[in-house]
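Subject: Structure handover

Hello,

Here is the structure for you to take over. My notes on it follow below.

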Amino acid sequence: MASYISSNANRFYTALESAYGQVPAITAANRIPALKLTVRQQLEVADRKDKTGSRTFTGVPAGGRRQTSFEVRTLLTNWQQGTSNPSYGPLFQAAMGGTPALFAGGTAASTTGNGRLAFAAPHGLSAGQAVSSGGEIRFVATIIDAQTVQLNVPFTAPPTPGAPVGAAITYAPATELPSFGIFDYWDPSTAVQRLLCGGSVDQMEIDLNGDYHEFRFSGQARDVVDSVSFASKPGATQLQTFPAEPAVGAFDYTIVPGNLGEAWLGTAPTQFFTITSASVVVKNGLDTRFKEFGSSLPQAISPGDRTVTAAFELYSQNDPNTQGLYQAARQETPISAMFQLGESQGQLVGVYLPSVIPAVPEFDDSKNRLQWKFRSSRAQGTLNNEIAVAFA
């Protein structure tokens with residue numbers, strides 16, 4: 001007898017595509033933690049002007065253009081650092097564009113109080129890459145020489161000579177964006193299974209200080225196909241049969257509380273403990289080639305101007321650092337912003353914006369303590385360097 005399907009009996013997998021709309025192969029390692037996947041497909045319906053002899057709508061012909069949009073929400077969980085990528089790495093790469101840069105780790109030779117870090121051997125790092133130590137993540141602001149870097153802010157507990165400097169993988173922007181597939185499997189296996197192909201991220205949002213650290217990705221896709229109505233369409237997915245779910249492997253459900261982390265703000269970055277909420281948003285101004293003759297599905301993605309913004313709220317205090325933020329906003333002086341999510345190795349995410357002009361804050365006096373609300377302050381850069389996101 002048929003029964004209802006539990007909304008928890010659901011597993012998601014994701015992987016980058018080798019070409020737009022070409023469904024990738026997946027394994028158990030491609031499984032991602034997710035809260036929800038929303039997919040909407042709409043047919044482009046044009047008004048019929050032909051004379052039918054009545055006022056009754058007589059329908060539209062099959063084969064018209066289809067537009068598919070999606071949103072997926074996921075949470076910060078453990079990253080097994082023996083693997084080359086966090087499981088949801090394809091989503092971050094699709095949002096940012098650049099090939100992730102992996103720092104495998106090193107050994108500290110010396111450190112200084114202002115954030116200069118020397119390695120015992122050539123580091124191979126580049127500006128914008130991340131390193132980690134003692135449950136903290138930091139970004140390389142400047143390369144001093146082959147063995148020395150200047151970090152954006154110093155470690156709270158600098159590594160001593162001979163101590164290991166932890167691995168980190170960094171995602172940076174690029175001019176072009178890759179596409180990805182999302183596989184949506186349900187129990188029982190005879191239920192409707194779905195596959196989103198040609199996924200492209202138009203907006204990525206990273207939220208801080210919620211119940212848990214949450215990431216949201218939304219955008220357009222080429223198509224969504226399912227196991228029930230699946231028909232072989234070589235021009236659409238290159239699949240002859242609907243892909244079966246990989247053998248379910250071990251999966252770590254450890255998630256990170258949203259209150260754990262650090263915030264560093266200012267022209268000379270200072271750690272703030274008064275942040276009540278914050279978010280970083282990347283918008284890609286995405287467009288798809290779906291108006292061209294000969295196809296009912298999009299043929300490619302075309303990113304537009306990138307917009308990176310940071311918004312944050314904090315309690316106002318009568319101290320130089322808080323007042324410095326207000327002065328920077330009034331004088332339109334760029335500041336740097338770095339948010340660290342988590343506080344344990346393997347559960348760290350760093351978001352680094354080297355140059356942001358903060359919006360003049362709104363004063364919110366509706367509660368017992370005065371809060372300042374810095375709305376959507378836009379990040380800037382020179383060439384694909386206005387933001388970096390790293391895992392450690």
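Start at the head of helix α2. There, a side-chain oxygen of Asp319 comes to within 3.1 Å of the backbone nitrogen of Asn321. Keep in mind that this is a predicted model.

**Helix α2**

Helix α2 covers residues 320-331. Its 12 residues should span 16 Å at 1.5 Å a residue, and the end C-alpha atoms are 16 Å apart, so the two agree. Which residues of α2 are buried? They are Thr322, Leu325, Ala328 and Ala329. These four cover an arc of only 120° around the axis, so they sit on the same side of α2. The other side of α2 has Pro320, Arg330 and Gln331, which are exposed.

After the helix comes Glu332. The phi of Glu332 is positive, near 55°.

Val349 has Phe391 in β27 as its bridge partner.

**The six-stranded sheet**

Another open sheet is built from 6 strands. Read the order as β8-β9-β10-β7-β6-β11, again with antiparallel pairing. Which strands stand at the edges? They are β8 (130-133) and β11 (164-165). Both have a single partner strand, so one side of each is left without a neighbour in the sheet.

β8 is joined to β9 (residues 136-145) by 4 bridges, and the two run antiparallel. Ser132 has Ile137 in β9 as its bridge partner.

**β3, β4 and β15**

Strand β4 (residues 66-75) pairs with β3 (residues 36-43) through 8 bridges, in the antiparallel sense. Lys36 stands opposite Arg73 of β4. Strand β4 is also joined to β15 (residues 214-221). That pairing is antiparallel too, with 8 bridges. In it, Thr74 faces Phe215 of β15.

**Leu196**

Leu196 lies in strand β14 (residues 194-208). Is Leu196 buried or exposed? It is buried, with a relative accessible area of 2%. The cut-off for buried is under 20%.

Beyond residues up to four places away in sequence, Leu196 touches Val39, Thr68, Phe70, Phe180, Gly181, Ile182, Ala221, Asp223 and Val224. Val39 falls within the range of β3. Thr68 and Phe70 fall within that of β4. Ala221 falls within that of β15.

Now compare Leu196 with Thr160. They are 36 residues apart in sequence. In space, their C-alpha atoms are 48 Å apart.

**Aromatic pairs**

How many aromatic pairs does the structure hold? The count is 19. One of them is Tyr13 with Tyr185. That pair is edge-to-face, at 5.7 Å centre to centre and 80° between the planes. It links distant parts of the chain, 172 residues apart. Tyr13 is in strand β1 (residues 10-16), and Tyr185 is in strand β13 (residues 180-186). Tyr13 counts as buried, at 1% relative accessibility. Tyr185 is buried as well, at 3%.

Phe312 and Phe374 make another pair. Their ring centres are 4.6 Å apart and their planes are at 20°, so the pair is stacked. This pair also links distant parts of the chain, 62 residues apart. Phe312 is in β22 and Phe374 is in β26. Both residues are buried.

Two of its members have come up already. Phe215 is the residue opposite Thr74. Phe391 is the bridge partner of Val349.

Over to you.

Best wishes

Note on methods: Residues are numbered from 1 along each chain as its sequence is written. This is a predicted model: local features need pLDDT of at least 70, side-chain atom pairs count only at pLDDT 80 or more; totals for chains, interfaces and linings use all residues. Side-chain values use heavy atoms; hydrogens and water are left out. Two strands pair if DSSP finds at least two bridges between them. Buried means under 20% relative accessible area, exposed over 50%, partly exposed in between (1.4 Å probe, protein chains only). Contact means heavy atoms within 4.5 Å. The expected span of a helix is 1.5 Å times one less than its number of residues. The arc is that of the directions from the helix axis to the C-beta atoms. A polar contact is a pair of N or O atoms within 3.5 Å; within protein, one must be able to donate a hydrogen and the other to accept it, and residues adjacent in sequence count only if both atoms are side-chain atoms. Rings of Phe, Tyr and Trp (its six-membered ring) pair if their centres lie within 6.5 Å; planes under 30 degrees apart count as stacked, over 60 as edge-to-face and the rest as tilted.
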